[in-house]
Structure formats: C-alpha cells, structure tokens
Amino acid sequence: MLAAIGLSLPIALGLLFVSMPMAVIVLVMITAGAHRGAASFLLGWVLGISAVVAATIVIADYSFAESQSSQTSVWSSVVRIVLGLVLFGLAYKQWRARPRNGSEPTVPKWMKSVDGLTPRKAFGLAFLSAAVNPKNAALAVSGAATIAVATNVVAQQIVAAVIFTVIASVGIASPILVKVFSGKRADEILASAKAWMTANNAVMMTVILTILGATVLGEGLSGLQ
C-alpha cells in the first residue's frame, strides 16, 4: 500500500496545482457569499476525481487479471507513455495561450459566468471539469493506473485512492479553508490569490504539466526495458 501511495503522490500533487485555476471559481463564490455553491463545487470535484480513479482501477484490475505479468507490465508502461505525451501536448497548448507583450490574460468563458452558478450547476461544472477535462482526467487516470500497478489488494487500492483524491482536492478546498481560518483577512487574501492565479495561470500550468509529463513518460519508458 505504501508503494501505491508513494508512487501516486507526485501525480496527486500535480493535479492539486493543475486544478488551481478551478479554485478561482470557489474563491469567487466564497467572496460573493455563495457558500452553498462553493460546497457543491467541491463535492462535484471530489466525486468527479473519485469516479475516474475508481473506473480506471477497476478496468486495470480486470485487464491485469486477464493477462500475464509481463503483459501487465507492458500495458502499464504503454499507458504511462501515452499519458506522458498527452501531458506534454497540454503543456505546449498552455504555453501558446500565455499572455504576451504585457497583454491581459484571457479569462475563460466558464469563469466569467461564475456569478450565475447555482449549487446544482456548480456541482455539474466541477464534476465535468474533474472527469472530462483532458488535463485533469489524464492525471487522475495516471494516478489510478499507478495505484493499480503497485497493488492488487482491493482494500489497499481504496485507501490509496482516497488519499490520492484528498490531496488532488486540496487546491479546490483551499479558498474555503482560508475563509474559515483567516476570518476578516480572508477577503484580502483571496482577492490577491485570484489576481495572481489569473495573471500567471498559463506559465504555471506549462511548468507543472511539463514536469509531470516528463515524470510519467520516463516511468513508462523505463518499464519497457
């Protein structure tokens, strides 16, 4: 179990940082007093990540059960290589989207419509962002595949998956935690965090996705030796 947790931990941390732009939504809702919407968004994110992780582990376990150990190793390595290349592609896309020559960063349309999010819509947006968004889903699949390869004991997989999901969700939960524990200073802290993340999102995502892509790709290539 420790191997499953340890190997998936860097990916969970990567997902934590990659999800920070989504935390801006929670941040906006918190500062606007829409606490129910923020809670619904966090719940949707957790369930979205959990669904991807659970489905990946189930599929991986079934595939491993039907194949020999050598084939299992090749299969897991190929998955990591593909995911590594996907992460590199997403990093390149983020780099191309970065603000240039002092221009203002482009705010995504979904972020502009935060004010009109009801708790139900906030839940749906978060779930889809976690389970369907390419970079988030790719990282969740990679982490889950790592857990499945590290151990085939269901109880250990569940514990590792829960820890992975919790770590991956800390970024989304951070505005709520700041609001709870920072009291009157929360609005100032959250406003500064929103401005910084909006301005530096593209570069930050490029660096994180590149590092994760190199890590996952390297693991996949080494597994083929």
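Modeller: Buried means under 20% relative accessible area, exposed means over 50%, and partly exposed lies in between, with a 1.4 Å probe and protein chains only as cover. This is a predicted model, in which local features need pLDDT of at least 70 and side-chain atom pairs count only at pLDDT 80 or more, while totals for chains, interfaces and linings use all residues. Residues are numbered from 1 along each chain as its sequence is written, and side-chain values use heavy atoms, with hydrogens and water left out.

Biologist: Why is Ser40 called buried?

Modeller: Ser40 has a relative accessibility of 17%. The cut-off for buried is under 20%, so Ser40 counts as buried. Ser40 lies in helix 3, a helix being a DSSP run of H or I with at least four residues, numbered from the N terminus.

Biologist: What does Ser40 touch, not counting residues up to four places away in sequence?

Modeller: Ser40 touches Pro119, Ala122 and Phe123. A contact means heavy atoms within 4.5 Å.

Biologist: Why does Asn136 count as buried?

Modeller: Asn136 has a relative accessible area of 2%, and buried means under 20%, so Asn136 is buried. Beyond residues up to four places away in sequence, Asn136 touches Leu15, Val18, Trp45, Ser129 and Ala130. Its place is in helix 7, residues 134-150.

Biologist: Why is Ala193 called partly exposed?

Modeller: Ala193 has 27% relative accessibility. Partly exposed lies between the cut-offs for buried and exposed, so Ala193 counts as partly exposed. Ala193 lies in helix 9, residues 186-223. Ala193 and Leu27 are 166 residues apart in sequence, with 8.7 Å between their C-alpha atoms.

Biologist: Where does helix 1 have a kink?

Modeller: The kink in helix 1 lies at Leu9, shortly before the proline Pro10, and comes to about 40 degrees. A bend at a residue is the angle between axes fitted to the seven residues ending there and the seven starting there. Among the buried residues of helix 1 are Ser8, Ile11, Leu15 and Val18.

Biologist: Where does helix 8 bend, and by how much?

Modeller: Helix 8 bends by about 55 degrees at Ile172, and the proline Pro175 follows within four residues. Helix 8 has 29 residues and reaches 39 Å from its first C-alpha to its last, close to the 42 Å expected.

Biologist: What makes up the lining of the second largest pocket?

Modeller: The lining includes Ser50, Val53, Asp61, Gln157 and Thr165. Helix 3 (35-65) and helix 8 (154-182) each supply at least two residues of that lining. About 170 Å³ of space lies in this pocket. A pocket is an open set of points on a 1 Å grid over the protein atoms alone, with protein on both sides within 12 Å along at least five of seven lines, and lining residues have an atom within 4 Å of a point.

Biologist: How many helices and strands does the chain have?

Modeller: The chain has nine helices and zero strands. Of its 225 residues, 42% count as buried.

Definitions and conventions. 1 Å grid on protein atoms, 1.4 Å probe; cavity = no way out; pocket = protein on both sides within 12 Å on 5 of 7 lines; lining within 4 Å. Points joined across faces, edges and corners; volume = space filled by probe spheres on them. Expected span 1.5 Å × (residues − 1).
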